[in-house]
Amino acid sequence: MIRVLLADDEDLIRVAVAALLDLEPDIEVVAHAADGPAAVTAALAHRPDVAVVDLEMPGLDGIAVAAELSRVRPDCAVVVLTGHGRPGHLRHALTAGARGFLPKGSPGWALADVIRRVHAGGRYVDPSLAADALTLPPCPLTPRELETLRLAEVGAPVAVIARRVHLSTGTVRNHLSAAVQKLGAADRAEAVRTARDNGWL
């Protein structure tokens with residue numbers, strides 16, 4: 001039997017996926033979690049072979065869970081499910097150690113097949129997302145612009161960013177302004193979203 005952990009903050013989805021997987025003769029759902037930290041705790045307690053985690057969860061998102069499990073339970077393969085798959089998310093998930101990346105809109109039988117594949121040591125990436133990821137444009141931002149944008153993402157004021165990167169506040173403002181302009185964004189928040197969606201942050 002392939003032992004599976006399901007982590008999704010939406011109870012209805014989690015229960016429905018568990019019911020589908022329980023119909024499979026070789027798959028057993030051994031644990032549920034409603035957020036990222038609970039997923040890590042459950043993986044340590046129940047020792048599943050495969051963790052199926054939602055991309056967007058409270059506490060730790062699916063990518064952070066994949067990174068943590070690759071550190072504390074490297075023998076547990078992680079499959080990330082997403083309702084809003086973007087090529088940048090795919091790149092981050094694979095870098096974090098996920099072995100599968102699947103949209104929630106996939107056919108019902110697909111998840112069981114992906115679980116079997118990653119349990120056997122393989123990988124699975126949704127073909128349309130993989131194609132999109134291969135055609136992502138190169139990042140137009142300089143390393144300094146990316147660094148200041150990353151710090152701005154968490155809401156740090158310009159003065160705090162300046163101290164952390166050892167630059168003047170004027171230089172930080174210039175970097176942030178250049179990032180917004182290069183990304184064709186209306187403001188910093190939109191620039192962060194664009195950079196995140198493209199996998200640059």
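**Overall make-up**

The protein has 201 residues, of which 45% count as buried, and its secondary structure comes to 10 helices and six strands. Among the contacts in the protein with a separation of 6 or more, 64% are accounted for by residues 24 or more positions apart.

**The annotated aspartate**

The UniProt record, an unreviewed entry, lists Asp54 for "modified residue: 4-aspartylphosphate". In the predicted model this residue lies in strand β3, which covers residues 50-54. Is Asp54 buried or exposed? Asp54 has a relative accessible area of 4%, and because the cut-off for buried is under 20%, Asp54 counts as buried. When its neighbours within four places in sequence are left aside, Asp54 is in contact with Ala7, Asp8 and Asp9, with Asp61 and Gly62, with Leu81 and Thr82, and with Lys104.

| Helix pair | Residues | Angle | Axis separation |
|---|---|---|---|
| α2 and α3 | 36-46 and 62-72 | about 25° | 10 Å |
| α7 and α8 | 143-153 and 158-165 | about 130° | 10 Å |

For the pair α2 and α3, the angle of about 25° makes α2 roughly parallel to α3, and the crossing of these helices is right-handed. On the α2 side, Gly36, Ala39, Val40, Ala43 and Leu44 take part, and they meet Val65, Glu68, Leu69 and Val72 of α3. By residue class, this contact of α2 with α3 divides into seven nonpolar residues, one polar and one charged. An α-helix has 3.6 residues a turn, so residues three or four places apart point the same way.

Val65, which has its place in helix α3, can be followed in more detail. Val65 is buried, with a relative accessible area of 0%. Not counting residues up to four places away in sequence, Val65 touches Gly36, Ala39 and Val40, and also Val53, Met57 and Leu60. Between the C-alpha atoms of Val65 and Ala185, which are 120 residues apart along the chain, the separation is 30 Å.

For the pair α7 and α8, how are the helices oriented to each other? The angle is about 130°, and α7 and α8 are therefore oblique to each other; the crossing of α7 and α8 is right-handed. The contact is made by Arg144, Glu147, Thr148, Leu151 and Ala152 of α7 together with Ile161, Arg164 and Val165 of α8. The residues of this contact of α7 with α8 divide into four nonpolar, one polar and three charged.

**Surroundings of α7**

The buried residues of α7 are Glu145, Leu146, Thr148, Leu149, Leu151 and Ala152. Which helices do the buried residues of α7 pack against? They pack against α8, against α9 (169-182) and against α10 (188-197). Thr148, Leu151 and Ala152 are among the buried residues of α7, and they are also among the residues that make the contact with α8. Just after α7, Gly155 takes a positive phi of about 85°.

Terms used: Residues numbered from 1 in each chain as written. Predicted model: local features only at pLDDT ≥ 70, side-chain atom pairs only at ≥ 80, totals over all residues. Heavy atoms only, no water. UniProt positions renumbered as here; feature names shortened; annotations may be inferred. Helix = DSSP H or I, 4+ residues; strand = E, 2+ residues; numbered from the N terminus. Buried < 20%, exposed > 50% of the residue type's maximum accessible area, 1.4 Å probe, protein only. Contact = heavy atoms within 4.5 Å. Axes fitted to C-alpha atoms, helices over the stretch in contact; angles between N-to-C directions. Parallel < 35°, antiparallel > 145°, perpendicular 65-115°, else oblique. Left-handed = near helix turned anticlockwise from the far one by under 90°. Nonpolar A, V, L, I, M, F, W, Y, C, P; charged D, E, K, R; others polar.
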